[in-house]
Amino acid sequence: MSAVPSTRTVARTGLALFSAAALALTLSSPAAAATGTRTITDGGTTYNLSLTAPDTANASGQNITVTGSGYNTLQGVYVSLCVVDGAQGANKPSPCLGGQDESGTTGASHWVSDFGGGVLPNSSTFGTFSVQIHVKADLGGGNICGDTVECAVVTRADHTDTNDRKYDVHAPIDFVQDTSRRPGPGVSAGAGLPAL
């Protein structure tokens, strides 16, 4: 004769399975997107700039995909995580993770440009682009996104027109701590997991 589980045991098992499924769904869901938009006129032509990036990222560092559309193919831009102060175009986004990376070697900043026939890395096509950049909360020099400064994934005019604020577009981003390595309740950090 087999034992019949109690109602309490069945309820606990059901709750545990539901919690595990909810956690798996949360962890596998893609990040929501943040989009910054701006309509500008440059040289008598109107451009509807749009910049999209994830709205959250891991504070310790993560690679993200950033897309843009509607950009002027005659004006190069940098795509990076930067400190922002005020509305789009009010102040130059700076400092930026990766700096003014004309070669695309840092991974944290990309130069998007069709200038010279689109021979540069990550050149745009018809005003659209998709680049991968590395972001993290600590930009150095005491600039910590969400703590000491406000940050956003941005575009800004490249070094050929660095003072032009028309191409400043901000996609807000928040940083979250990586909790995937933290011990659960009642488990000490010494139980095979590093203390964070």
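Which residues form a disulfide with C145, and how far apart are the sulfur atoms? In this predicted model, C145 is bonded to C151, with the sulfur atoms 2.1 Å apart. Residues are numbered from 1 along each chain as its sequence is written, and side-chain values use heavy atoms, with hydrogens and water left out. Local features need pLDDT of at least 70 and side-chain atom pairs count only at pLDDT 80 or more, whereas totals for chains, interfaces and linings use all residues.

A search of the whole structure returns two disulfides, a disulfide being a pair of cysteine sulfur atoms within 2.5 Å. The link of C145 and C151 has a torsion of -85° about the S-S bond and is left-handed. Both C145 and C151 are buried (under 20% relative accessible area; exposed is over 50% and partly exposed in between, with a 1.4 Å probe and protein chains only). The other disulfide joins C82 to C96, with an S to S distance of 1.9 Å. This pair links distant parts of the chain, with C82 in strand β5 and C96 in the loop between β5 and β6, 14 residues apart. Helices (H or I, at least four residues) and strands (E, at least two) are DSSP runs, numbered from the N terminus. The torsion about the S-S bond of C82 and C96 is about 105°, so this disulfide is right-handed. C82 is buried at 1% relative accessibility, and C96 is buried at 15%. With bonded cysteines counted along the chain, the disulfides follow the pattern 1-2, 3-4.

S94 is located in the loop between β5 (77–83) and β6 (109–112). Its relative accessible area is 40%, so S94 is partly exposed. Leaving out residues up to four places away in sequence, S94 touches C82, V83 and R156, where contact means heavy atoms within 4.5 Å. The C-alpha atoms of S94 and C151 are separated by 9.4 Å, and the two residues are 57 residues apart along the chain.

Q75 occupies the loop between β4 (62–69) and β5 and is buried, with a relative accessibility of 11%. The side chains of Q75 and D158 make a polar contact of 3.2 Å. A polar contact is a pair of N or O atoms within 3.5 Å; within protein, one must be able to donate a hydrogen and the other to accept it, and residues adjacent in sequence count only if both atoms are side-chain atoms. Beyond its neighbours within four places in sequence, Q75 is in contact with A157, D158, T160, D161, D164 and Y167.

The largest nonpolar core has 33 residues, and those with the most contacts inside it are V66, L81, V153 and F175. Such a core is a set of buried Ala, Val, Leu, Ile, Met, Phe, Trp, Tyr and Cys residues joined through side-chain atoms within 4.5 Å. Two or more residues of this core come from each of β2 (45–54), β4, β5, β7 (129–135), β10 (151–157) and β11 (169–172). Another core, of five residues, lies apart from it and includes C82, V84, C96 and A152.
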